[in-house]
Amino acid sequence: MDEDHPTASWDAMPDGSAFYRKLSVYQMQWSIHDLADFVVAGARYGGPLAIMRDPTKMVAMTRLGGGSVNSKQAIQVYSSAGSLINTFNWDQGRIVRIGWTFDERLVVLNEEGTYRLYELQGDYMQYSLGSDATETGVADARIYENGIVALTNNLALLEVKGWSGVKATPLANPGLTEPPHAWTVIPPDIFVARHAEVLLSSETTILAVDSLSASDQRLNRGPFFHIAPSPNGKRLALLTAANVLWVVTSDFLNSLIEFDVNAASGNSSGGVASVRYVQWCGDDAVLLGLDGLTLLVGPGPSMQYFYTSSTFAVSEIDGVRIFSSDSCDFIQKVPKAALTMFLPGSTDPSAILYDSWFLFSQRSPRADEAVRHIRPDLASAVDACVDVAGWEWSVRVQRNLLNAAKYGRAFLDSYNPTDFVLLAKRSKFLHTAPSHLLVRLTARSQHLLALRIASHLSMKPDAVLKHWASAKIARAKKADGTTEDDAAICKTIVDKFLQLGGGDVSYAEIARRAWEVGRLPLAIQLLEHERRPADQVPLLLEMKDDKRALVKAVDSGDTDLVYTVLLDLHRRLQLGDFFRLVEEGGPRMASAASLLQVYARQHDRETLRDFYYADDRRVGSAVLAMEEAASIEDPVTKIASLKAAQKFFSEDKERAFEAKMVDEDIKLITFQQELEKDVGNKVKFVGSSVSETIALCLTNGLSKKAERVRDQFKVPEKRFWHVKLRALADASDFEALDAFAKSKKSPIGYEPFVHVLVERAHKTEGATYVARCEPARRAELYALCGEWAAAGKECIAQKDRGRLEEIVRTCTDALARRDLEQLLRTLG
């Protein structure tokens with residue numbers, strides 16, 4: 001077969017159920033002879049390898065590769081081609097686990113719970129899992145792209161989500177009595193519940209643990225020495241103690257494959273073959289790594305690949321990378337579209353279109369005949385050529401497939417070329433997802449290339465620009481070795497962002513990086529260009545630039561942001577410094593001062609009192625004291641609070657009236673206390689107004705005390721008559737009321753007597769006072785009291801026909817209405 005034909009690298013499963021191809025990607029450039037002597041961690045999506053000596057094995061120093069090694073434990077980072085990228089020297093205790101993040105940073109975790117995030121250039125950030133991990137120690141860990149799950153020496157699980165240095169949170173207690181035989185983590189991005197789940201092999205079963213619970217899957221085929229979830233999280237590969245590979249669904253309900261590794265590896269001595277790793281090849285097959293041999297196990301029989309030394313594999317979403325001492329290979333399943341196109345003798349429309357392109361390039365008239373033969377299926381054939389071109393690695397074959405698609409598209413009346421154009425643009429340099437490629441390039445400081453690719457693919461350059469700016473800040477040196485000026489760096493970054501990012505790139509993250517490396521002035525300068533206060537203000541607070549944070553929050557007009565700043569400052573600063581910061585802003589800080597008062601009035605009156613005192617706001621302090629007095633039940637405490645208010649008012653010459661009124665209130669409460677003692681505390685006087693106090697005195701037989709209140713607080717006579725009238729009417733003391741009415745000429749007249757009594761359903765008693773009222777009002781008042789006959793007589797006496805007609809209309813007594821109508825007729 002032609003070595004350049006796409007099927008030259010294909011291998012069929014023994015039963016022909018599927019085809020897989022093995023591509024030799026690189027010949028390794030390192031001097032490592034056997035990967036079994038090392039601990040290896042590989043980054044996905046074609047990322048680098050981190051290699052360190054296995055401390056459990058004796059290795060000659062000359063076999064470590066990559067040059068000399070000092071006394072510190074070294075971690076060497078290689079590209080997929082075996083080129084040394086960098087070497088990190090570790091001096092923080094025994095390393096428990098190494099792994100990679102999504103953005104290609106190396107994570108190194110030690111037994112004390114300390115972990116570092118290394119950039120490929122050697123810069124790192126150091127964090128800790130917390131005091132629990134430090135005290136108990138870390139026995140093992142699993143690192144996935146967006147977090148860590150650590151197993152402590154007391155067999156508890158801790159999880160770190162993200163790489164911002166957040167505190168580790170404990171997972172549910174798995175109830176282990178001994179370390180698990182094997183364990184793994186299903187990451188949140190592929191787990192159906194969208195949180196990390198830990199699977200631990202314990203005795204004969206598997207425990208599934210998350211943040212809320214630990215559940216026994218009730219299996220009886222363990223112990224399991226390898227557990228590997230598929231890239232989509234829907235399947236699990238389990239290796240039993242008898243070297244049987246058992247593939248099940250992730251819910252353990254369906255068994256998919258059972259495969260005897262010993263039999264397939266040719267171990268006829270009855271021993272157990274040593275399986276070094278279990279990895280997935282896409283979502284359909286499992287790769288088993290043995291010494292010098294790898295087994296690819298699919299739904300049917302297995303395939304064998306032989307190597308001269310031990311291997312290491314990295315699972316990818318579309319295949320698996322295999323590293324040995326001398327090569328990097330990639331194994332992936334051949335998709336159905338490629339099978340139908342390239343298998344010999346295929347009559348699929350896509351295969352015919354592909355062949356017709358070659359006929360056309362040879363100027364054969366059969367090309368047109370072939371295309372017209374598949375005309376009904378031509379659109380699907382063009383799509384198939386585009387899809388297979390995206391899968392194919394060979395540039396020559398890819399170009400042929402795109403030319404075939406272009407040729408077939410010319411025969412279609414209408415066709416959406418979007419996929420074709422995108423693939424044609426990407427195929428010039430790209431065999432992976434664009435976002436992953438940009439991450440890889442920026443991690444290697446290939447910013448210019450990443451920017452050009454982003455521009456070519458019409459992608460936002462934000463991520464590349466952020467990484468470039470962070471790297472520039474961290475390594476800002478002049479030619480003579482001195483640090484570059486902050487203003488110059490800021491101008492360079494801003495100009496570049498405006499030129500390439502359209503001004504939409506956030507400066508807050510770059511400013512945070514400048515602050516982290518100790519360049520506070522540069523961080524502040526960069527934040528001045530941040531247009532989103534919600535990103536700007538929190539960082540200013542972290543940097544303790546309190547005044548600038550408060551000013552930016554106020555200028556934003558966002559009350560929630562202002563409250564965030566005020567509460568943070570109140571929590572951190574001394575009260576004097578806090579109030580001074582708010583007060584010294586002048587009119588610009590007026591809104592912040594107002595919001596502080598609103599919040600403190602509702603939630604923290606003690607702070608409001610201190611703020612008024614510090615700002616010398618006597619009136620505000622007095623009002624606050626009065627508000628507090630209004631809510632106090634104890635008279636002694638109430639009087640003390642009112643005295644404080646009276647003192648604040650008296651210190652302001654313009655508030656003499658308010659000071660006098662508060663003093664009157666104090667006298668009233670004092671007098672009310674005496675009244676309560678007089679009645680044996682059976683009636684509550686404190687808290688009542690002057691009018692209410694008079695009424696209470698009258699209803700409780702304390703007439704002399706009522707007059708004393710009137711005299712002491714200078715109650716006007718008319719007001720006193722109204723209060724006494726209502727009090728006696730409420731008490732139904734009609735004799736006293738009559739005596740009161742006859743005691744002297746009423747200063748309020750007698751009509752109020754009628755109304756008050758009628759309001760309290762004492763119409764008969766009210767009618768006795770109508771005769772003392774003005775003649776013009778008597779008819780209406782008699783009607784109000786239900787005295788219809790008397791009302792009619794008054795209308796006759798006044799010769800008021802209109803009023804009589806109105807009374808007739810409003811009369812509710814039929815007999816009385818008839819009499820009123822007779823009176824109405826007498827008026828003519």
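## Overall dimensions

The protein chain has a radius of gyration of 46 Å, whereas a compact globule of 828 residues would have one near 28 Å. The model on which this value rests is a predicted one. Along its principal axes, the C-alpha trace of the protein chain spans about 135 × 70 × 65 Å.

The secondary structure of the protein chain comes to 33 helices and 29 strands. Of its 828 residues, 47% count as buried, and among the contacts with a separation of 6 or more, 48% are accounted for by residues 24 or more positions apart.

## Nonpolar cores

In soluble globular proteins, nonpolar side chains tend to be buried together. In this chain the largest nonpolar core holds 55 residues, of which I473, I493, F497, L526, L550 and L566 touch the most other members. When residues up to four places away in sequence are not counted, L550 touches V565, L566, L581, V582, M589 and A592. Another core, which lies apart from the largest one, has 51 residues, including V709, A741, L757 and V758.

## The cavity and its lining

Rolling a probe the size of a water molecule over the atoms shows where empty space is left. How many cavities of 30 Å³ or more does a search of the whole structure find? The search finds one, and the space in the largest cavity is about 80 Å³. Ten residues line the largest cavity, and the closest to its centre are L567, H570, F578, L596 and Y599.

Two helices, α17 (559–572) and α19 (590–603), each supply at least two residues of this lining, with the largest share, four residues, coming from α17. By class, the lining of the largest cavity is made up of seven nonpolar, two polar and one charged residues.

Leaving aside neighbours within four places in sequence, the residues in contact with Q536 are L527, E528, E530 and K552.

Terms used. Residues numbered from 1 in each chain as written. Heavy atoms only, no water. Core = buried A, V, L, I, M, F, W, Y, C linked by side-chain atoms within 4.5 Å. Buried < 20%, exposed > 50% of the residue type's maximum accessible area, 1.4 Å probe, protein only. Contact = heavy atoms within 4.5 Å. 1 Å grid on protein atoms, 1.4 Å probe; cavity = no way out; pocket = protein on both sides within 12 Å on 5 of 7 lines; lining within 4 Å. Points joined across faces, edges and corners; volume = space filled by probe spheres on them. Nonpolar A, V, L, I, M, F, W, Y, C, P; charged D, E, K, R; others polar. Rg over C-alpha atoms; globule rule 2.2 N^0.38 Å.
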